[in-house]
Amino acid sequence: MESQLPAEFAVNVNQEKCRRCKRCVINCSFGAIEFKDKVTPNNKLCVACHRCATLCPENAINITENPLDYKDGYNWTPEIRKNILKQAESGGIILTGMGNPKPYPIYWDHMLIDACQVTNPSIDPLREPMELRTYLGAKPDSLEFDGNVSLKTELAPQVKLDIPIVFAAMSYGAISLNAHKALAMAATRMGTLMNTGEGGLHEDIAPYADRIIVQVASGRFGVTSKYLNRSAAVEIKIGQGAKPGIGGHLPGEKVGEDISKTRMIPVGTDALSPAPHHDIYSIEDLSQLIYAIKEATDYKKPVSVKIAAVHNVAAIASGIVRAGADIVMLDGFRGGTGAAPMVIRDHVGIPIELALAAVDERLRQEGIRNRASILVGGSIRQSADVVKAIALGADACVIGTASLIAMGCRVCQKCYTGNCAWGIATQKPELVRRLNPELAADRLCNLLTAWGHEIQEVLGSLGINAIESLRGSRERLRGVGLNQEALDILGIKHAGIGQ
Amino acid sequence: MNVRIDAKGMHYRPLNKIIRDAIVSGEKEFELDNIGGQRYIGAGINESVKITINGTPGNDLGVFMNGPKIIVNANAQDGIANTMNAGEIIVHGNVGDIIGYGMRGGKLYIKGDAGYRVGIHMKEYKKQVPVIIAGGTAGDFFGEYMAGGIMILLGMNGKSPLVGDYVGTGMHGGVMYIRGKVDPFNLGKEVSCLELSEEDTKLIGSYLKEYCEYFGFDFDEVMSGKFTKLVPLSIRPYGNLYVY
């Protein structure tokens, strides 16, 4: 059946400027540009990934939204109508990629940071030391020293971060090996971490293992005792912000020789990650897996538990800490994904800002905040978001989409097709080749370096010289345009209120 | 010389530490007495050691294990061979739920009955083909989400039902052999029932010979039963679920 769906985008080729080099034709991995005497776009196939427009040597290509007008309707938006057409033609669940694009409130943009003026001095980060270092892992309730003032307390394993930003879990399978390499190299150079996601650890990035969090998800792909021990930390993935409560399917087409090797499943089979871990139906069961991992790693690795931010997140996080996790990773509902049903991505979960505030508050009330570090992700877009998250109580932030954008992602949301024109969310060798891991690692390092400087500037203006001094310091945040309930949950005052 | 440990009243943490440390210093054989519910025995051990357990070990016996041979001279609990990569676990009794979850290699031989969700999401990779054999009955969701490997259920104790509901729900790889009849309404919708071929008989015979030797069953009697073979209808059961 010929699809009745109208094209989303229009590819406009300036035929006068075009000198028929066909670079756009070769580069379009979605087959949206053909050469029929001249460059001829097929608008229906264009996803606005900008590969052609970016690489056109004559600057002759422009992509616009298809100017096809729809009869006005606030309720029946063009998107909703297009989705219905698509489902009427196929009977399928609509699959999508990246994070939730819907205009839900973004609380980061309703929080403002304090600064020093007159009565308290700010610090100039250009001239004075400014520490971004922090440590992930359980902290003791108290410290004991012996007569020589050396520490008697036995500390839980800690992972040092030179910058409080780590790369989010993205599996080899969802993204390419070159993308994984770039993340591993950048994490090592910047003294931070990358996260394998649930697809196992490829031998090529094993040399960076002490900067890698290895993940254990419900499919247990590539999980062996060697995998658990070759790591900076081990993460149990319960949920993901983009798709709370559901599992993942890596389609068989993407399971080639290399993916098969790291996931340890036969070539061409679907890699199905069921929604729950079948051995976890309670906090007690979670504790059982946490300690299974600790036993298998001789208590040398911090164990993280990653959950999606959902309504009851504070109580769940409390359970996770009591179950023995050293790190709680919270992923908000705007978090990205390689593939998720649109209905879940766009409608399930809660914003990370509220989840973080609720969890930090709950753990403090219960006197167990020290027992685990809190990592937060789910759309950390800029250094200001990092600062605000840490002031709300996070130990560090994770960035997924931002790191992909740094590598060249254009957020066209077609990750699940495996056709990523930028060599990031694809396993096709001819596309993977487009991403140079060294150059991508440089770009990731640049991003973190830039954000690091920005965070130092903000810390200086706050009059503090260490990121750890900001943690949970909600007094340094003020809300704008928020109702009282949101302010109460965030634990911040409205702008205009002094101390 | 084997290392003999009296585990009466001992927490799993020191017990497993003693075993790990002894392996590092070259010990190859262990005998654990008075075991009563200690978890994680054999967890993540990569060496081909032998551990004999006298008593009932706790959950996650052999979790992430990669090589050892464990003999349990009693019943065992839940989560045996969880995400196990290689090795052998022989249980002279019954076992609990979710045994062999995500198991990728090695053998798990059970003399008696098994609980729910046996071999859930078991998988295979190249030469690593995990095998689970249970001599008695099994509960619901036998082979749920199974992605590879071999499971054999014998029903030697004549108990009924032989296997619970939803056999092979979500199955997309591997093969199950059940000695006896399985009613269609007990099967998950991703499974099809087949007769055994000659190769099948040869295949299960090779494992059952060893199995019978461990537990003293009569091999010919075991093989004389009529087996049902279950395989997935598709290796991509959810391939048509989505639209792009």
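Predicted model: local features only at pLDDT ≥ 70, side-chain atom pairs only at ≥ 80, totals over all residues.
Modeller: Two strands count as paired if DSSP finds at least two bridges between them.

Biologist: Which strands make up the open sheet of 3 strands, and in what order?

Modeller: Strands of a sheet pair through backbone hydrogen bonds, either parallel or antiparallel. Here the order is E17(A)-E5(A)-E12(B), and the pairing is mixed. Strand E17 (340-341) of chain A and E12 of chain B are the edge strands, each pairing on one side only.

Biologist: How many bridges join E5(A) to E12(B), and do they run parallel or antiparallel?

Modeller: Strand E5 (residues 93-96) of chain A is joined to E12(B) by 2 bridges, and the two run parallel.

Biologist: How many residues of each chain belong to the contact between chain A and chain B?

Modeller: The contact takes 33 residues from chain A and 35 residues from chain B. On the chain B side, the elements that give two or more residues are helix H1 (12-24) and strand E12 (242-243). By class, this side of chain B holds 16 nonpolar, 13 polar and 6 charged residues.

Biologist: What is the order of the strands in the open sheet of 11 strands in chain B?

Modeller: The order is E1-E2-E3-E4-E5-E6-E7-E8-E9-E11-E10, with mixed pairing. Strand E1 (3-6) and strand E10 (191-194) of chain B each have a single partner strand, so one side of each is left without a neighbour in the sheet. From one strand to the next, the twist averages 15°.

Biologist: Which helix packs on that sheet?

Modeller: Helix H2 (residues 198-215) of chain B does, and its direction makes about 60° with that of E7(B). The strands touched by H2(B) include strand E5 (86-91), strand E8 (147-153) and strand E11 (227-232) of chain B.

Biologist: In which sense do E1(B) and E2(B) pair?

Modeller: E1(B) pairs with strand E2 (residues 29-36) of chain B in the parallel sense, over 4 bridges. One residue pair to locate is Val3(B) with its bridge partner Phe30(B) in E2(B).

Biologist: Now the helix pairs. At what angle do the axes of H8(A) and H10(A) cross?

Modeller: The axes of helix H8 (residues 313-322) and helix H10 (residues 352-365) of chain A cross at roughly 50° and come within 8 Å. Angles from 65 to 115 degrees would be roughly perpendicular and angles under 35 roughly parallel; H8(A) and H10(A) are therefore oblique to each other. Their crossing is right-handed. Among the residues in the contact, Ala314(A) and Val321(A) belong to H8(A), while Ala358(A) and Leu363(A) belong to H10(A). The contact divides into 8 nonpolar, 1 polar and 1 charged residues.

Biologist: How far apart are the axes of H4(A) and H14(A)?

Modeller: Helix H4 (residues 177-190) and helix H14 (residues 437-462) of chain A have axes 8 Å apart and pack at an angle of about 45°. H4(A) and H14(A) are therefore oblique to each other as well. H4(A) passes H14(A) in a right-handed crossing. Leu183(A) and Met190(A) are among the residues from H4(A), and Leu444(A) and Cys445(A) among those from H14(A). By class this contact has 12 nonpolar, 1 polar and 2 charged residues.

Biologist: Into which domains is chain A divided?

Modeller: The division is into domain 1 (9-92) and domain 2 (134-494). Taken over C-alpha atoms, the centres of the two domains of chain A are separated by 34 Å. In the contact, 9 residues of domain 1 meet 7 residues of domain 2. The domain 1 side has 5 nonpolar, 3 polar and 1 charged residues.

Notes:
Residues numbered from 1 in each chain as written. Chains lettered and ligands numbered in written order. Contact = placed C-beta atoms within 7 Å. Nonpolar A, V, L, I, M, F, W, Y, C, P; charged D, E, K, R; others polar. Domains from an automatic or database assignment. Axes fitted to C-alpha atoms, helices over the stretch in contact; angles between N-to-C directions. Parallel < 35°, antiparallel > 145°, perpendicular 65-115°, else oblique. Left-handed = near helix turned anticlockwise from the far one by under 90°.
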